[in-house]
Amino acid sequence: MRRSRMTLAGQVLVLQLVVMLVVLVVVGMISLRQSTTAFEEQRGSAMRSVAEYIANVSVVRTELTEPGATRALAPMVDRGLQLSGATVVAIADVDGTVIASSDPSQVGSQVQIDESEIDDGRGWSGDQTIDGERFVVAHAPVIADDGNQIGFTVAAQEYPRLWDRLTDGTTDLALFLGIGALAGGLGTWWVSRVLKRRTRGLGSDEIATLADHREALLHSIGEGVVAVDTDGRVTLLNDGARTLLGLRGDVVGRRVASLDLPADVRALLSDHDDAHDEVVVVGDRVLVANRRSARSQGRGIGSVTSMRDRTELVSLRNQLSSNLSISDTLRAQTHEFANRLHTISGLVELEEYDELSQLLGSLTRERADLDANIRDHVADPAVAALVVAKSSAAQEAAVRLVLDDASRLPELDRELSADLTTVIGNLVDNAIDACRGHDPAEVVVRVARRGDDVEVVVTDSGPGVAPELRDSIFVRGFSTKPEVLGGRGIGLPLVRLIAARRGGAVVLTHPTGGGARFTFTVPLLTSTPGQVLA
């Protein structure tokens with residue numbers, strides 16, 4: 001579901017309504033307070049007067065303690081009710097039992113005393129809550145001729161309804177209107193300041209023009225652009241990103257976690273930290289992405305990720321890497337053959353034909369044995385030829401290259417064979433470089449089919465990879481070797497990319513005896529994004 005976002009006009013309307021609501025609340029509170037205070041003062045005084053009047057009537061003083069007092073005092077209660085406009089008028093004995101009341105149902109009940117000082121023989125008035133209703137109540141003592149208190153009178157009036165109290169302060173209407181006008185003026189000024197700051201002083205036409213230009217710009221560029229807010233929702237997606245990511249339908253407003261994308265791509269889009277040249281695979285596309293955090297007025301508002309299609313570039317780079325590997329191998333073989341030709345030429349000049357015959361026989365048997373051993377374990381011609389060539393390069397570097405006896409590789413399809421030659425070439429080259437100058441200097445290669453997977457394991461006897469570098473070696477451009485023309489740090493990222501593209505994995509481990517071991521595994525048939533471990 002797309003989250004609704006308030007328009008500029010909606011924000012102005014809400015702010016105006018808030019200002020008006022505040023004004024009305026303030027006016028209402030002032031009016032209510034004034035009305036309540038006026039009612040309490042005026043009606044409280046009236047209730048006290050009525051209570052004292054009834055308490056001083058002679059019939060009340062003489063009949064209160066006599067039998068049949070209820071009937072004798074009823075006219076006085078009704079008279080007090082008529083004179084004061086009270087809600088209830090009652091007469092009680094000294095124990096607080098109602099003897100006579102304008103409400104006959106109260107006769108015999110107890111009067112609620114609360115904070116009243118009537119027990120001490122003093123009159124009292126104040127607020128009381130009776131049966132959930134608020135009353136202004138007054139008590140007055142009834143004093144007999146001998147000076148003793150024989151009871152007390154009660155006069156109570158219920159507070160008017162809230163609306164009645166709010167509309168009771170019409171005399172101060174002009175003052176309230178002035179206060180409201182002042183508050184409204186200040187509120188309008190505040191709204192205009194907020195609106196100007198949020199729109200950066202632009203008018204509505206300018207804002208609309210900028211929005212149109214932005215949309216045209218974003219959808220015209222070839223690179224993909226995706227903006228995600230702090231809640232993980234897509235706020236912008238241009239046509240390039242939609243094509244590169246293979247997204248369909250309405251995507252803006254949806255959470256990244258709900259999109260039909262690989263997990264590593266969703267993680268790339270959801271994160272808000274900066275990232276540079278991240279390589280991801282979406283379907284059959286290889287994308288290079290850069291992510292920057294977005295901020296507005298110093299506050300983080302999400303991130304913007306741009307991405308470029310580098311599928312063809314990666315394919316060309318793989319081919320170039322293979323060609324460079326073959327060129328290095330041919331150069332090593334040329335150097336080796338040149339040395340052997342010089343040896344043969346020298347033996348001919350010295351007429352040492354017996355030595356020459358033994359040398360030629362030894363070279364022939366050595367090459368035949370190597371070729372036969374590799375053919376027995378590796379049926380794929382391209383991989384077998386690469387292993388033969390790399391053995392010459394290793395020999396030139398004074399490194400012993402060994403093909404593991406457990407190697408059993410059938411003939412592969414052309415695309416997988418080409419990818420394996422790239423992987424084996426890069427891993428073996430790195431292993432040879434790591435072994436230079438070490439004793440022993442040995443590289444062991446195992447290529448085999450494991451169920452439905454093809455596994456390549458390259459183990460060297462070098463110093464291994466330092467723990468702090470194990471995550472960095474798979475990053476494009478990182479290298480522990482001296483910089484050369486064309487750059488370094490390409491081999492292992494290519495291996496990782498091929499593994500990811502084919503739904504496999506490349507794992508770095510360290511054998512017990514030292515050195516480093518790279519294990520590359522890919523399915524024979526599948527071609528889906530995979531996982532990279534280190």
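I started with strand S5, residues 149-158. Eight of its ten residues are buried, so I call the strand mostly covered (buried means under 20% relative accessible area, with a 1.4 Å probe and protein chains only). Strands here are DSSP runs of E, at least two residues, numbered from the N terminus.

I noted what I was working with. This is a predicted model, where local features need pLDDT of at least 70, side-chain atom pairs count only at pLDDT 80 or more, and totals for chains, interfaces and linings use all residues. Residues are numbered from 1 along each chain as its sequence is written, and side-chain values use heavy atoms, with hydrogens and water left out.

Next I looked up the partners of S5. S1 (residues 88-93) pairs with S5 in the antiparallel sense over six bridges (two strands pair if DSSP finds at least two bridges between them). S4 and S5 are also antiparallel, over nine bridges. I checked Gly151 in S5. Asp93 stands opposite Gly151, and Gly151 is the bridge partner of Val142.

I then followed the hairpin of S4 and S5. Five residues lie between the two strands. Gly147 in that turn has a positive phi of about 90°.

Last, I turned to His139 in S4 (residues 133-143). Its relative accessibility is 3%, so His139 counts as buried. Its side chain makes a polar contact of 2.8 Å with that of Ser116 (a pair of N or O atoms within 3.5 Å; within protein, one must be able to donate a hydrogen and the other to accept it, and residues adjacent in sequence count only if both atoms are side-chain atoms). Beyond four places in sequence, I found His139 in contact with residues including Trp124, Thr153 and Val154 (heavy atoms within 4.5 Å).

Methods
Helix = DSSP H or I, 4+ residues; strand = E, 2+ residues; numbered from the N terminus. Buried < 20%, exposed > 50% of the residue type's maximum accessible area, 1.4 Å probe, protein only.
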